[in-house]
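Trainee: I should like to learn how to read the features of a protein model. May we go through one together?

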Amino acid sequence: MDVKAAPNGVATIEDRILRITGYYGYYPGYSGQKSTSRSSVTRCKPGINCPSSHGSISRQLSPLSVTEDTSAPILELQSRGSSVTCGHRVERQNRAEDDGTQTHPENSQENRIKARCLSCTSVVLKAVWGLLIILSVSSSWVGTTQIVKITYKNFYCPFFMTWFSTNWNIMFFPVYYSGHLATAQEKQSPMKKFRECSRIFGEDGLTLKLFLKRTAPFSILWTLTNYLYLLALKKLTATDVSALFCCNKAFVFLLSWIVLKDRFMGVRIVAAIMAITGIVMMAYADNFHADSIIGVAFAVGSASTSALYKVLFKMFLGSANFGEAAHFISTLGFFNLIFISFTPVILYFTKVEHWSSFAALPWGCLCGMAGLWLAFNILVNVGVVLTYPILISIGTVLSVPGNAAVDLLKQEVIFNVVRLAATIIICIGFLLMLLPEEWDEITLRFINSLKEKKSEEHVDDITDSSTHLRSRSRANGTVSIPLA
C-alpha cells in the first residue's frame, strides 16, 4: 500500500485530525487507504457497462484491507453510539444533580427544622420534668424533716427510726422493676434484670465476698449519715439542720480534690470557705449555747459522712445507672436488715432507746417518714435520668426555705440577723458548687458574644444614620464636592 506521507510524518490533514482527536478506528495511513479505495472504485452511470470495475476492485483490495476498511465504520458507529450513550448519561446525571441541588436544600432545611423541633421539645420536656422533680425532691425532704420533728414529741428513738427507714430501701429495686415492666418494650425476667444490674459490683456480679466487702462500709456510712441528721434535729430547728446539711457539697469537693485528685477550682474553694463561715455563724446565732454547738456538730458530721459516702462510691464503684443504683440501695437495705438489726435490740434492752410496747409506737409517723425518705432517694436517682442533674441539687437546697416557711408557720424559730445571714451564705456557697468546671470560659464567651452584638448594632446604627443623611442631602439638592 503506497501512501505519500507529509513532511511531518502524517499523510493528510484528516490523519492529523484523527490522531489528535483519538479516533478509535484510526491507524497510520487510514485516510490515504480510504481515499485510494474510494478512487479505485469507478462509479458508472446506469445503463453503461463497466467491465473493468470488478477486476479493479478485486485487484486493489486485499482481505486485510477489506476487514480494516469495513471495521472502521463499525468502530465509528460504536464510538458514536458510546458517545451518544455517554452524552445521555451525562445529561441524566446533570439533570439528576440539578434536581438534587433543587431538592437537597429543601430536604436539608426540613431536616434542620425537624431537628430543631425535636431538640426544643426535648429541652421543654426536660425543663418540665425538672420543675416537677425540683418540687418533689424539696417537698419530700421537707416532709421527712418535719415528720421527724413531730415524732420527737412523743417518741425519741433516733437509731430505731434510722434502722426502720433504712429497711425500706429494700423496696427500691421492686419499684424500679415495676417501672421497667411498665415502660420497656423488651421485658426481662426479675432474675435476669437483677443479674444485669448487679454488674455494679463487678463482672462476676454480686457474690458473698463482694456483698460483705463493698456493702458493709457504705451501709455503715448510710446509717451514720441518717442517725447524725436525726440527732441534730433534736438540738436545732429544721431550717438550721437542712441548711447545715447543704455543706456536704463543699465537703465532697474538698475530699474529691484531696483523694480523687479532681481539678482545682478557685470558685469552689470560695464556696467551701463560705460553707465553713456559715457553720460558725450558725453556732454563734445562739451565743454558742451548748445544745446549739452539739446540734451544729451533729449536722456537720452528717454532711461529712454523706460526702465521704459519695466520694468512696465514686472511687470504688464509679458511675451507676438507674437500675444499678436501685440494686445497690436495695442491697444496703438487706445488709441493714441482716447485720444491723442487733443494734436496736441492744439499745432496747439497755434502755437507751426504750418503749413500752409495739402498739404504743407511732407507726403512722414512722411509716410516713420512711416512705418520704424512700421517695426522696428514688426521686434523686430518677431525676438524673429524666432531667438535668443540677436541678436535683437545686431541689435539695430549696428545702431550706421550705423548712423555714414551715417553721415560721409553726412559730418554732425566730430568725435573727446572724442566723439569716448564715443560712443565706451557706445556700450561696451551695449554688457556687453547682457551677461547671468551664464556667469561666463559658462566661467569657457569653460576654464576647454580647460585645460583638453591641458592636454590630452600633455599626448598623451608623450606616442607617449615614444613609439617612445622604437621602436628606439629595432631597435638599446639596452636592458634596470631594477635596483634591
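Trainee: What pLDDT does the protein average?

Mentor: This is a predicted model, in which local features need pLDDT of at least 70 and side-chain atom pairs count only at pLDDT 80 or more, while totals for chains, interfaces and linings use all residues. Residues are numbered from 1 along each chain as its sequence is written, and side-chain values use heavy atoms, with hydrogens and water left out. The term pLDDT is the predictor's confidence in each residue, from 0 to 100. The protein averages 76, and 71% of the residues score at least 70.

Trainee: Where does the pLDDT stay under 50?

Mentor: Where pLDDT is low, the predicted coordinates should not be read in detail. One such stretch is residues 1-10, which have twelve contacts beyond four places in sequence; a contact means heavy atoms within 4.5 Å. Over residues 30-103 the pLDDT is also below 50, and this stretch has 31 contacts beyond near neighbours in sequence.

Trainee: Which residues of helix 14 are buried?

Mentor: Buried means under 20% relative accessible area, exposed means over 50%, and partly exposed lies in between (1.4 Å probe, protein chains only). In helix 14 (residues 342-349), the buried residues are Thr343, Pro344 and Leu347. They lie on the same side of the helix because they cover an arc of only 95 degrees around its axis, the arc being that of the directions from the helix axis to the C-beta atoms. Helix 5 (158-167) is included in what covers these buried residues. After helix 14 comes Lys351, with a positive phi near 60 degrees.

Trainee: How many salt bridges does the structure hold?

Mentor: A salt bridge is a side-chain nitrogen of Lys or Arg within 4 Å of a carboxyl oxygen of Asp or Glu. The structure holds two. In one of them, Lys193 meets Glu196 at 3.9 Å, N to O. Both residues lie in helix 7 (residues 190-197), three residues apart, about one turn of the helix. In general, an α-helix has 3.6 residues a turn, so residues three or four places apart point the same way. Lys193 is buried at 8% relative accessible area, whereas Glu196 is partly exposed at 32%.

Trainee: Which side chain meets that of Asp240 in a salt bridge?

Mentor: The partner is Arg419, at 3.1 Å, N to O. Asp240 belongs to helix 9 (residues 238-245) and Arg419 to helix 18 (residues 417-433), so the pair ties together parts that are 179 residues apart in sequence. Both Asp240 and Arg419 are buried. Helix 18 also contains Thr423, which is buried at 8% relative accessible area. Leaving aside residues up to four places away in sequence, Thr423 touches Ala243, Met282 and Val400.

Trainee: Which residues form the nonpolar patch on the surface?

Mentor: Patches are made of residues with over 30% relative accessible area and no salt bridge; like charges are joined within 9 Å, and nonpolar side chains (Val, Leu, Ile, Met, Phe, Trp, Tyr) within 5 Å. Here the patch consists of Val124, Leu125, Val128, Trp129, Leu132, Val385 and Leu386, with about 620 Å² of accessible area together, computed by the Shrake-Rupley method with a 1.4 Å probe, where for residues only the protein chains shown count as cover. Helix 4 (63-151) and helix 15 (363-386) each supply at least two residues, and helix 4 gives the most, with five. Val128, in helix 4, is partly exposed at 45% relative accessible area.

Key: Helix = DSSP H or I, 4+ residues; strand = E, 2+ residues; numbered from the N terminus.
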